[in-house]
Amino acid sequence: MAPRPWRWWTEHKLQILQKYLQAFAKASMKVPERIYLDLFAGQAENISKETGREILGSVHRALNTEPPFTRIALFELPAKAKQLEQALRAQYPRRRDIKVYPGDCNDTISQAMADLASVRWAPTFAFVDQHDNEIKWVTLEKLARFRKRKQRPRCGSSSGRASTVADLNYARRR
Ligand SMILES: C[S@@+](CC[C@H](N)C(=O)[O-])C[C@H]1O[C@@H](n2cnc3c(N)ncnc32)[C@H](O)[C@@H]1O
């Protein structure tokens, strides 16, 4: 699949995302699990429309976060999901924590949450990088309710807050 070209503001948005992810990982470093959900994961390869240089998409930025996310759930429409999974398996052969959910994220989110049920206590960052208005309100409600204080081991953070849901396009659409 050809790299997807993005304008400068998308690169800027992704740089902001990276700072959020880094701060989030640092704040939750005392617990053994951190979850990253990317509801509109995109492609493995992206480039700048202005310069032609490679731009790291949200998935790579999440995968490069330190301390690392320990569960990574990626949502994409089927054709792109297949390509994304193949590219990630080749590029990160040692990462066993990545799971790609092909299909409409509004449908597949429930399966992902079921798969992650045993670590629902873990700090959870959800990135909702929709292009238009694909996300359903009910999906945002599910994300907000996902994290539960119960079963969290006693080591570190005392926060029982709901998941962090980031939609960095919100201001642009208003
Ligand atoms: C703005 S792009 C995401 C870019 C990506 N976050 C990145 O940094 O490279 C939106 C993506 O959402 C995908 N998409 C659109 N509708 C979707 C849906 N209902 N469920 C999952 N993915 C969807 C599109 O195929 C597209 O790749």
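A crossing is left-handed if the near helix is turned anticlockwise from the far one by less than a right angle. The model discussed here is predicted.

Q: What is the hand of the crossing where α4 passes α5?
A: α4 passes α5 in a left-handed crossing.

Q: Why is α4 called roughly parallel to α5?
A: The axes of α4 and helix α5 (residues 137-146) cross at roughly 20° and come within 10 Å. Angles under 35 degrees count as roughly parallel, so α4 is roughly parallel to α5.

Q: Which residues make the contact of α4 with α5?
A: From α4 come Cys105, Asn106, Ile109 and Met113, and from α5 come Thr139, Lys142 and Phe146. By class, this contact has 4 nonpolar, 2 polar and 1 charged residues.

Q: Why is alanine 23 called exposed?
A: Alanine 23 has 11 other C-beta atoms within 10 Å. A residue with 12 or fewer counts as exposed, so alanine 23 is exposed. Alanine 23 lies in helix α1 (residues 8-27). Its C-alpha atom is separated by 9.5 Å from that of threonine 65, 42 residues apart along the chain.

Q: Which residues around the ligand come nearest?
A: Of the 17 residues around the ligand, the nearest are Phe40, Gly42, Gly57, Ser58 and Asp129. Two or more residues of the shell are given by each of β5 (71-76) and α4 (105-115).

Q: What makes up the shell around the ligand by class?
A: The shell has 6 nonpolar, 6 polar and 5 charged residues. Gly counts as polar in this scheme.

How values were computed
Residues numbered from 1 in each chain as written. Predicted model: local features only at pLDDT ≥ 70, side-chain atom pairs only at ≥ 80, totals over all residues. Helix = DSSP H or I, 4+ residues; strand = E, 2+ residues; numbered from the N terminus. Buried ≥ 20, exposed ≤ 12 C-beta atoms within 10 Å, placed from the backbone. Near = placed C-beta within 6 Å. Axes fitted to C-alpha atoms, helices over the stretch in contact; angles between N-to-C directions. Parallel < 35°, antiparallel > 145°, perpendicular 65-115°, else oblique. Contact = placed C-beta atoms within 7 Å.
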